[in-house]
Amino acid sequence: MRRWAAVGLVGLSACAPEGASSQGQDISDLYRVFVYVAIGVGAIVYGLILWSAIRYRRRSDALPKQTRANVPLEIVYTALPILIVLGLFVLTFRVERDVDRVASEPALVVNVSGFQWGWRFEYPESGISVVSTPSEYPTLVVPAGETVRINLSSNDVIHSFYVPDFLFKRDTVPGQPNRFDLLIPEPGRFRGACAEFCGVDHGEMNFWVDALPATEFDAWIEERAGAS
Amino acid sequence: MRTATKMFAFSAFFSLGVGTIYWLLSHERAGAVLLLFMFLAPLFIACYLLLRARRLRLPEDDAEGRPGEGAGVDIGRFHAASLWPFVTALGASLAVLGAVYGRWLALAGGTVMAAAVVGLMRESRG
Amino acid sequence: MDRGTGGRVVSVTLERPPPTPPPLRARSGGILEWITTTDHKKIGLLYIGTTFLFFLAGGLMALLMRIELAEPGLQVLTKNAYNQLFTIHGTTMVFLFIAPMGLGLANYFVPLQIGAPDMAFPRLNALSYWLFLAGGATILLSFFASGGASAAGWTAYYPLSGPQGSPGPGVDLWIMGVLLASASSVMTAVNLMVTAFLLRAPGMTMWRLPLFVWNMIITSLMILVSFPPITAGLSLLFIDRHLGGHFFDPASGGSVVLYQHLFWWFGHPEVYIMILPFFGIVTDIIPVFSRKPVFGYLGFVFASLAIAGLSMSVWAHHMFTTGAVLNPFFSMMSFLIAVPTGIKFFNWIGTMWGGQIRFDTPMLWCLGFMLNFLLGGITGVMVASPPIDFAVHDTYFVVAHFHYVLAGGSLFGIFAGLYYWFPKMTGFRLSERTGKAVFVLVFVGFNLSFFGMHLLGLRGMQRRIADYPADVGWTWLNQIATLGTVIMGIGVVLFAWNVLEAFRGRRPAGDDPWEGYTLEWSTTSPPPEHNFTWLPPIRSERPLFDWRQRDKDMGAEEVRK
Ligand SMILES: [Cu+2]
Ligand SMILES: [Cu+2]
């Protein structure tokens with residue numbers, strides 16, 4: 001029993017991706033807590049269901065004891081879940097506060113806008129603009145290890161800026177600008193997509209996020225700003 | 001009917017509580033208005049039941065009631081068969097299709113529906 | 001009990017079964033009879049049959065989508081066709097199958113379970129059915145409209161569903177179909193409530209109602225408060241599309257988020273409208289097959305009421321990623337809903353505990369229901385946490401979650417109800433062996449289809465895409481899912497055979513094949529017009545059990561003499 005539980009734990013935590021951004025790491029940690037609680041609760045309830053189904057399968061025609069209620073037991077199985085969800089709520093609340101926190105002075109601001117069917121990444125400080133082309137997914141280039149502010153907008157329909165490795169998405173809602181901060185500790189290249197269904201080529205609204213070491217990022221900015 | 005009254009009153013005051021908390025925390029109007037109406041609508045039914053049905057003593061609610069009590073009480077008509085519901089629905093669907101495909105269809109549908117409603121009413125009286 | 005019935009009078013003799021079965025009124029089974037019927041049982045059968053056909057249609061759409069997704073690239077469908085299919089698949093399953101199947105079963109069995117001769121408003125009942133049929137036909141036939149059916153998703157978010165986003169008539173037909181279906185649901189809800197409050201047999205107090213009836217009362221309450229706003233929302237959408245309105249258009253001061261509020265105000269309670277009836281059915285079946293009373297009757301009813309209340313205050317948990325709602329409030333309320341749902345699990349376990357459980361097909365489906373729904377409930381608590389939702393929202397994780405609730409839960413509950421009540425509705429017995437094979441196929445197929453989708457979602461596969469890259473490692477999970485869907489499909493076909501075979505085999509079921517507890521088992525199978533010629537005295541929530549015990553006790557006394 002315990003070995004199986006251990007196998008299950010390993011298996012399930014393996015499917016919780018490590019967050020590649022610091023916000024994603026917080027979410028990944030929270031997810032793991034939820035998985036452990038889920039395994040605990042699930043094991044008890046699944047165990048009880050299967051146990052009673054097997055143990056109490058019909059063996060005779062005798063009429064079993066006609067138990068109708070057990071008030072203390074009912075109070076317990078009402079109160080315990082309330083305590084569990086309160087605990088989960090406190091954790092959730094703290095993590096969401098961290099994930100949604102925006103720095104007063106981010107190192108870089110990028111204006112991201114979604115459109116049918118592509119993305120535009122604008123760097124207001126340097127005037128750079130990266131746009132989807134029919135043949136290529138655009139790349140959002142950001143410095144690793146620094147806080148980047150992402151401002152989201154859309155002028156046609158709702159899209160959603162989603163990077164699976166960051167365990168994060170946020171909608172681009174027409175008429176309602178959104179923003180969030182992103183801190184990617186280690187350099188890397190990550191796949192992004194549109195998560196909110198937006199029409200025929202919804203599945204083609206992919207993009208890349210390149211987190212570059214600070215020096216390479218500065219070089220990129222210089223090159224692009226000079227080019228435009 | 002006391003259980004029914006209580007149920008509607010519970011829904012009303014539950015929404016009042018949730019709605020108040022929601023408004024104070026969020027100042028978001030759409031949800032607050034929806035919750036306000038979810039307070040008012042069941043409250044209306046609860047008040048109606050409280051005023052109208054308080055004296056209504058149903059044999060159904062008598063814990064010692066035996067099948068057969070309440071015999072002879074006229075609880076309404078049960079029509080064995082009627083074509084009018086079908087015609088009403090036909091008219092209604094023509095009418096809404098008219099909203100998509102053109103006014104003439106809506107007009108036809110409206111006429112059919114009106115005729116069916118008249119039919120229903122005459123059937124009830126007859 | 002004399003009840004005026006449009007000129008005719010039904011008189012009911014009581015206390016003892018009549019010596020001869022009541023004569024069924026012989027009438028031609030012609031089409032006119034079905035069109036003009038106001039008998040709740042016939043309308044119930046019409047509902048059940050029609051919703052099942054819609055289920056087959058929606059299932060076929062799912063199968064097509066799964067076949068498309070079995071491989072990266074586009075093989076059998078265009079993107080646009082795929083988008084239409086998932087839009088209408090969702091709409092069909094929600095508006096035309098699960099919810100109305102609950103209402104259809106209620107139509108048949110609420111009057112029977114409370115000892116009533118019919119629904120309170122028989123003609124309104126017929127109108128509900130015909131409106132529902134018209135709505136369903138409008139939605140499904142919209143595939144043949146110019147430009148095809150709506151491809152805006154079953155949620156029809158504005159601006160995608162707006163005049164620029166979806167110019168064709170598909171969305172309009174979708175709106176009209178849903179409006180017809182929701183008008184029908186509201187009427188049925190009123191009808192069911194009045195029936196359950198006013199037409200109970202003497203002695204059938206509210207706290208002796210079968211739990212299916214209680215859950216239908218509460219479902220009706222939710223329908224009454226949740227459908228009007230969606231009706232308004234869709235009407236506003238139509239006005240925005242065609243009559244120059246700007247309710248949702250941000251360029252003219254409207255709000256895109258307002259549409260989502262109106263939609264999910266309805267959309268979340270709808271989830272419970274789709275599950276509470278089947279909670280009720282399962283909670284009627286488990287005691288019968290465990291030979292025990294339900295454990296914690298009062299707790300169950302209060303849990304249902306709590307679910308109804310809470311489910312009206314969690315709607316924006318579908319909008320966590322919009323950045324426009326108060327996430328912690330909706331998160332807390334959504335967490336809390338897990339508590340009354342958990343209570344129900346303990347009701348079921350407590351009922352089985354110490355019982356003598358017989359695993360006939362209805363009980364097997366109940367067991368499957370519990371096993372599947374539990375996972376859906378657990379992942380439901382996860383997605384109620386906004387940070388986790390940021391990760392999995394609009395991915396296959398959520399698809400897996402709600403299919404575990406609606407297919408693993410509601411669909412299994414529907415099968416439980418159909419297997420339980422089929423003998424009552426037709427008078428014939430289903431083959432148990434075929435039934436068990438259907439269960440195994442659907443259970444295995446379902447879990448193959450949907451379990452892997454949790455992983456797909458965690459690995460970043462977003463919803464509503466017809467195609468996916470080959471190099472992201474999603475292919476094998478998708479293939480397993482497709483295989484599972486095929487197995488489920490075979491199971492459903494076998495179910496159809498199961499039913500047809502029962503009609504051909506004509507094995508008489510008897511009035512009470514399961515030793516049931518509730519009043520529907522005290523009449524004939526199928527019940528006569530106006531349902532009862534005899535009723536046992538009602539002294540608890542299981543009048544028939546009491547009656548059988550009394551017979552047994554008297555028999556034992558005679559033996560002792
Ligand atoms: Cu998009
Ligand atoms: Cu929900």
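This is a predicted model: local features need pLDDT of at least 70, side-chain atom pairs count only at pLDDT 80 or more; totals for chains, interfaces and linings use all residues.
Trainee: Let's start with chain A. What makes domain 1 and domain 2 of chain A separate units?

Mentor: The bounds come from an automatic or database domain assignment. That assignment gives residues 2-59 + 67-100 to domain 1 and residues 108-227 to domain 2. The C-alpha centres of the two domains lie 35 Å apart.

Trainee: How do you know that domain 1 and domain 2 of chain A are in contact?

Mentor: Contact requires heavy atoms within 4.5 Å. By that rule, 13 residues of domain 1 of chain A touch 11 residues of domain 2 of chain A. The two domains bury about 880 Å² between them, with 59% of it on carbon and sulfur atoms. On the domain 1 side, Ala20(A), Ser21(A) and Gln23(A) lose the most area to domain 2, together 45% of what that side buries.

Trainee: Why is the pairing of Asp100(A) with Arg170(A) called a salt bridge?

Mentor: The cut-off is 4 Å between a side-chain nitrogen of Lys or Arg and a carboxyl oxygen of Asp or Glu. For Asp100(A) and Arg170(A), the closest N and O atoms are 3.2 Å apart, so the pair qualifies.

Trainee: Which elements of domain 1 of chain A give two or more residues to the side that touches domain 2?

Mentor: They are helix H2 (22-55) and helix H3 (71-100) of chain A. H2(A) gives the most, with six residues. By class, that side of domain 1 has four nonpolar, seven polar and two charged residues.

Trainee: Now the chains. How do you know that chain A and chain B do not touch?

Mentor: A contact needs heavy atoms within 4.5 Å, and chain A and chain B have none by that rule. Their nearest C-alpha atoms are 14 Å apart. Two pairs of chains do touch, and the most contacts are between chains A and C.

Trainee: What makes up the contact between chain A and chain C?

Mentor: Here 78 residues of chain A meet 87 residues of chain C. The two chains bury about 6,800 Å² between them, 67% of it on carbon and sulfur atoms. In chain A, Arg58(A), Arg68(A) and Phe197(A) lose the most area to chain C, together 12% of what that side buries.

Trainee: Why do Glu541(C) and Arg68(A) count as a salt bridge?

Mentor: Their side chains meet at 3.1 Å, N to O, and the limit is 4 Å, so they meet the rule. The count between chain A and chain C is two salt bridges, along with 27 residue pairs in polar contact, both residues at pLDDT 80 or more. On the chain A side, H2, H3, strand S7 (168-172) and strand S9 (188-194) each supply at least two residues. H3(A) has the largest share, 16 residues. By class, the side of chain A that touches chain C divides into 45 nonpolar, 16 polar and 17 charged residues.

Trainee: And what about the contact between chain C and chain B, how many residues does it take from each?

Mentor: It takes 69 residues from chain C and 59 residues from chain B. About 5,400 Å² is buried between these chains, 73% of it on carbon and sulfur atoms. Arg123(C), Pro202(C) and Arg539(C) lose the most area on the chain C side, together 13% of what that side buries.

Trainee: How do you know that Glu123(B) and Arg123(C) form a salt bridge?

Mentor: Their side chains meet at 2.7 Å, N to O, and the cut-off is 4 Å, so the pair passes. The rule finds one salt bridge across the interface of chain C and chain B.

Terms used
Residues are numbered from 1 along each chain as its sequence is written. Chains are lettered from A and ligands numbered from 1 in the order in which they are written. Side-chain values use heavy atoms; hydrogens and water are left out. Buried area is the accessible area (1.4 Å probe) that two parts lose on being put together, summed over both. Helices (H or I, at least four residues) and strands (E, at least two) are DSSP runs, numbered from the N terminus. Ala, Val, Leu, Ile, Met, Phe, Trp, Tyr, Cys and Pro count as nonpolar, Asp, Glu, Lys and Arg as charged, and the others, Gly among them, as polar. A polar contact is a pair of N or O atoms within 3.5 Å; within protein, one must be able to donate a hydrogen and the other to accept it, and residues adjacent in sequence count only if both atoms are side-chain atoms.
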